[in-house]
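Hi,

Here is the structure I promised to pass on. Please have a look at it first, and then read my notes below.

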Amino acid sequence: MSRFASRTHYTPIPTTDSRPRTDLTQLARSLLANGPHKMERTARRVRCMFDNEWIFDTITAHYVWEHPYYPQYYIESGEMRLKISKDSNIDNGDAAFLATLSGPNKKTDQVLVFEKGQLAGLARLDFGAMDAWFEEDQPIYQHPKDPYKRIDILPSTRKITIKIGETTLAESSMNMFLFETMLRTRYYMPKTTINWQWTTPSSTTTICPYKGTAEYYNIKINGLEIKDGIWWYRHPTRESALIEGMACFYNEKVEVYVDGVKEDS
């Protein structure tokens, strides 16, 4: 057993609009029966745009953790500036409704409205169905950041070696170590330290609210193909600017050595 412990990895959600939507009926029933994992008010000004209209502009938004990983914003129903029409009663007890948000030119049915229980008076708007979200005057992407998680990026001269079997894919002592709360360390390396003959470009992109939009490369070596085994950020967010243009191997899919010590996959 190496001294580098394995941790759960959270993969950013693909940017493609073909990703599955949340099953709102199932979500509402779970929240009514069990409550959220956690919820709390935020002092941040939160705004949302849909169909070129500001839907709300509030300082009373709620963080609601539907699962342990990150929160969603739930908004007080009275803050809504566009019409929300209740479509169907989820539990036959008038506690929660599927609803439709209507703008001048388009509408979405990705809305939940709660009228009883712990979430009474709050509405959930599907993050991806909206045009834009802002915290204060900063746009946010994919989902709200968890206020209890953070990223630290530190330069390190510890040598990182990436291998598959006997083949060395990369080796560098000029790295950026990215530490993200409750996730394993990611090692960002200069692109000039990678043996690119074992890679091909991928069409995959993902969005991380902490780091930005990632692009990917596949790894092909000795008949083995690792889809999206390397990622990098062309234009990361300001808080992750130190990894701009650097590449990171998917620890779980390759062999990683830190100063000669093999890391657990």
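Let me start with a charge and a ring: the charged end of Arg 47 sits over the ring of Trp 54, 5.3 Å from its centre. By that I mean NZ of Lys or CZ of Arg within 6 Å of the ring centre and within 35 degrees of the ring normal. Lys 86 does likewise, with its charged end over the ring of Phe 97 and 4.6 Å from the centre.

Before I go on, some housekeeping. The model is predicted, so local features need pLDDT of at least 70 and side-chain atom pairs count only at pLDDT 80 or more, while totals for chains, interfaces and linings use all residues. Residues are numbered from 1 along each chain as its sequence is written, and side-chain values use heavy atoms, with hydrogens and water left out.

Now to the aromatic rings. The structure holds 13 aromatic pairs. Rings of Phe, Tyr and Trp (its six-membered ring) pair if their centres lie within 6.5 Å; planes under 30 degrees apart count as stacked, over 60 as edge-to-face and the rest as tilted. Trp 54 and Phe 134 form an edge-to-face pair, with ring centres 5.7 Å apart and planes at 65°. This pair links distant parts of the chain, 80 residues apart: Trp 54 is in strand E4 (residues 53–58) and Phe 134 in strand E11 (residues 132–135). Helices (H or I, at least four residues) and strands (E, at least two) are DSSP runs, numbered from the N terminus. Trp 54 counts as partly exposed, at 31% relative accessibility. For accessibility, buried means under 20% relative accessible area, exposed over 50%, and partly exposed in between (1.4 Å probe, protein chains only). Elsewhere, ring pairs link Phe 56, Tyr 63, Trp 65, Tyr 73, Phe 127, Trp 133 and Tyr 148 into a cluster.

Leaving aside neighbours within four places in sequence, Tyr 216 is in contact (heavy atoms within 4.5 Å) with several residues, among them Pro 201, Asp 228 and Trp 231. Its side chain also makes a polar contact of 2.9 Å with that of Thr 206. A polar contact is a pair of N or O atoms within 3.5 Å; within protein, one must be able to donate a hydrogen and the other to accept it, and residues adjacent in sequence count only if both atoms are side-chain atoms.

What about helix H1 (residues 24–34): which of its residues are buried? They are Leu 24, Leu 27, Ala 28 and Leu 31. These four cover an arc of only 95° around the axis (taken from the directions from the helix axis to the C-beta atoms), which puts them on the same side of H1. The buried residues pack against strands E6 (72–76), E8 (96–102), E9 (107–114) and E10 (122–125). Exposed Gln 26, Ala 33 and Asn 34 are on the face turned away from the buried side. Gly 35, with a positive phi near 75°, follows H1.

Finally, the cysteines: there are zero disulfides (pairs of cysteine sulfur atoms within 2.5 Å). For Cys 48, the nearest cysteine sulfur is that of Cys 208, 20 Å away. Cys 48 is buried, with a relative accessible area of 0%.

Happy browsing!
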